Amino acid sequence: MTKGDRIVERGSERLRDLSRKAASKGGIAEKLAQPLAEDAAFLRKLKPSLIVARARGEAPTDPGTEAIAPTGPQLGRRRKPKKGPNPFVVVGAALALGVTLAKLIDWRGHAHPRG
């Protein structure tokens with residue numbers, strides 16, 4: 001057992017002890033006992049030597065569980081996108097309006113010259 005494994009194991013033991021104490025107290029602390037116990041079990045899976053073994057393919061990636069493919073679609077039906085104006089039409093209309101407005105301003109500027 002490496003030094004990293006011992007550190008992870010010690011942390012896991014502390015979490016397990018903390019979850020036992022929380023379960024015995026009752027109240028809100030009792031509700032936190034189960035997640036702490038799950039965290040302790042998860043922390044044991046994070047031992048550096050197990051991670052290396054999994055990377056090399058020498059240990060199972062998740063002992064005790066099998067990967068099961070879903071039997072059907074997971075997300076359901078897609079929503080249809082909202083219909084709106086074509087962006088090219090909007091840009092074209094804005095360009096035409098801008099050119100027209102610029103010509104109008106220029107035409108009125110010649111009617112009343114400053115000068």
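Helices (H or I, at least four residues) and strands (E, at least two) are DSSP runs, numbered from the N terminus. Read from the N terminus on, the elements of the protein are α-α-α-α, that is, four helices and zero strands. This is a predicted model, in which local features need pLDDT of at least 70, side-chain atom pairs count only at pLDDT 80 or more, and totals for chains, interfaces and linings use all residues. Residues are numbered from 1 along each chain as its sequence is written, and side-chain values use heavy atoms, with hydrogens and water left out.

**Overall build**
- Of the 115 residues in the protein, 10% are buried (under 20% relative accessible area; exposed is over 50% and partly exposed lies in between, with a 1.4 Å probe and protein chains only).
- Among contacts (heavy atoms within 4.5 Å) with a separation of 6 or more, 55% join residues 24 or more positions apart.

**S19 in helix α1**
- S19 lies in helix α1, which covers residues 3-25.
- S19 counts as buried because its relative accessible area is 7%.
- Leaving aside residues up to four places away in sequence, S19 touches A33, L36 and A37.

**R14 in helix α1**
- Helix α1 also contains R14.
- R14 counts as exposed because its relative accessibility is 58%.
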